[in-house]
Amino acid sequence: MTDFSIPFEDDDLFASAGLRLTIDLTALTDNWREMARRSGKARTAAVVKADAYGMGIEDVGEALYLAGARDFFVATVDEGVTLRMFAPEARIFVLAGIWPGTERRFFENDLVPIISSEEQLAFWMAVLADYGDYPCALHVDTGFNRLGLTMDEALALADDVSRPASFAPVLIMSHLACGDDHSSAMNKQQLESFRVVSAAYEGIDSSLAASGGIFLGDDYHFDLTRPGIALYGGQAVNGIANPMRPVATAEARIIQIRTVKAGETVSYGRALQLTRDSRLAIVSAGYADGYMRSQSSDGVPLRQAVPQGGQGFVAGQKVPVAGRITMDQTIFDVTDLPEGAIRAGDYIELFGKNILVDDAAKAAGTIGYEMLTSIGLRHERKYEMDEE
């Protein structure tokens with residue numbers, strides 16, 4: 001019988017984890033500073049919704065706050081409450097706005113609701129009648145047809161002399177539908193519409209550009225820019241070289257290496273039949289960890305962009321996914337690696353500095369945003385920052 005009375009040494013959880021996620025906070029803050037430089041005279045916020053794009057709102061929020069960010073955007077009041085502990089003097093805007101029952105959490109944590117509809121506006125006016133002056137932001141739809149007051153509603157509100165003095169928005173904002181496509185005429189159309197709205201709210205800060213819009217130039221910057229994906233190293237504009245530094249590196253342990261003969265099949269559905277004797281590495285990551293099934297090498301009829309599927313990086317080389325990705329494991333073909341180059345227990349990069357997150361996303365038929373925000377809970381995280 002095993003004697004469990006013998007004390008175990010403290011485990012290094014990151015070193016022993018089956019799945020690892022390394023977040024380079026130096027790269028993150030450098031990316032924010034680069035976005036601030038490109039924003040010219042405009043202030044530069046930081047979008048940290050969806051748990052900071054899967055990177056962890058606590059550590060990411062604190063790093064960006066220490067780097068100088070003083071305006072943040074989150075999706076929900078819960079995210080705002082968490083962020084407030086790490087960004088004590090920042091303005092924190094909540095994109096989902098305010099709803100009955102959430103008022104106290106907004107006020108107690110000094111969060112700014114973004115008002116996006118006539119229903120929210122009516123509720124907010126009632127709240128102000130009870131609680132008095134409190135800042136808000138107005139989201140205006142300039143053609144996206146997602147969230148926002150219509151142009152007519154926003155302009156009528158600006159001219160409404162009967163609105164209470166306690167209604168005092170601190171920001172007017174809109175969002176570009178095609179900011180990642182600089183050839184789209186939609187960008188100029190939305191810019192012209194937003195200029196009309198911004199002029200109607202003279203003296204109040206305006207914000208139009210997220211990551212892609214920042215690259216469109218000064219005309220789109222207004223008073224405040226809102227970079228998101230670019231902070232995390234993702235590609236913000238299609239068709240140009242991505243100037244941002246990679247932030248996240250996802251790795252999975254190799255559980256087993258097996259030799260399989262030509263003619264045999266691999267994984268579910270027998271979708272891949274081997275044409276040569278092969279060595280396969282089975283790793284501890286699957287679609288439950290955000291390593292999407294659509295990156296499988298075969299048996300995914302809906303994928304068009306990258307027919308061969310995803311790749312990993314190990315022993316200095318890229319290696320292809322073999323067969324279908326499963327819930328907890330992925331198989332890579334490591335036949336072309338030298339004998340002895342890898343062994344069970346080694347780690348393979350799923351995305352990071354060698355397999356860019358946007359390339360991994362394209363292999364899955366999606367975008368870097370989804371790849372990052374789909375990272376599961378089973379990754380052990382490590383945050384790195386260079387010493388000043």
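Colleague: Is R146 buried or exposed, and at what relative accessibility?
Modeller: Buried means under 20% relative accessible area, exposed means over 50% and partly exposed lies in between, with a 1.4 Å probe and protein chains only. R146 therefore counts as exposed, its relative accessibility being 55%.

Colleague: What pLDDT do local features need in this model?
Modeller: Residues are numbered from 1 along each chain as its sequence is written, and side-chain values use heavy atoms, with hydrogens and water left out. The model is a predicted one, in which totals for chains, interfaces and linings use all residues, side-chain atom pairs count only at pLDDT 80 or more, and local features need a pLDDT of at least 70.

Colleague: Where does R146 lie, and which residues is it in contact with, leaving aside neighbours within four places in sequence?
Modeller: R146 has its place in the loop between β7 (134-139) and α8 (151-158), where helices are DSSP runs of H or I with at least four residues and strands are runs of E with at least two, both numbered from the N terminus. Contact means heavy atoms within 4.5 Å. Once neighbours within four places in sequence are left aside, the residues in contact with R146 are D141 and H175.

Colleague: At what relative accessibility does M327 count as partly exposed?
Modeller: M327 is placed in the loop between β16 (317-320) and β17 (330-333), and the residues in contact with M327, beyond those within four places in sequence, are G286, Y287, A288, D289 and R378. M327 counts as partly exposed because its relative accessibility is 43%.

Colleague: Which residue of the "active site" set does the lining of the largest pocket take in?
Modeller: The unreviewed UniProt entry places this feature at K49 and Y268, which are up to 35.5 Å apart between C-alpha atoms. From this set, the lining of the largest pocket takes in K49.

Colleague: In which helix is K49 placed?
Modeller: K49 counts as partly exposed because its relative accessibility is 30%, and its contacts, apart from neighbours within four places in sequence, are F73, V74, A75, E79 and L95. The helix that holds K49 covers residues 49-53 and is α3.

Colleague: Which are the edge strands of the open sheet of 7 strands?
Modeller: The sheet has parallel pairing in the order β3-β4-β5-β6-β7-β8-β9, and two strands pair if DSSP finds at least two bridges between them. Strand β8 (residues 167-173) is joined to β9 by 3 bridges. The edge strands, each pairing on one side only, are β3 (46-47) and β9 (205-207).

Note on methods. UniProt positions renumbered as here; feature names shortened; annotations may be inferred. 1 Å grid on protein atoms, 1.4 Å probe; cavity = no way out; pocket = protein on both sides within 12 Å on 5 of 7 lines; lining within 4 Å.
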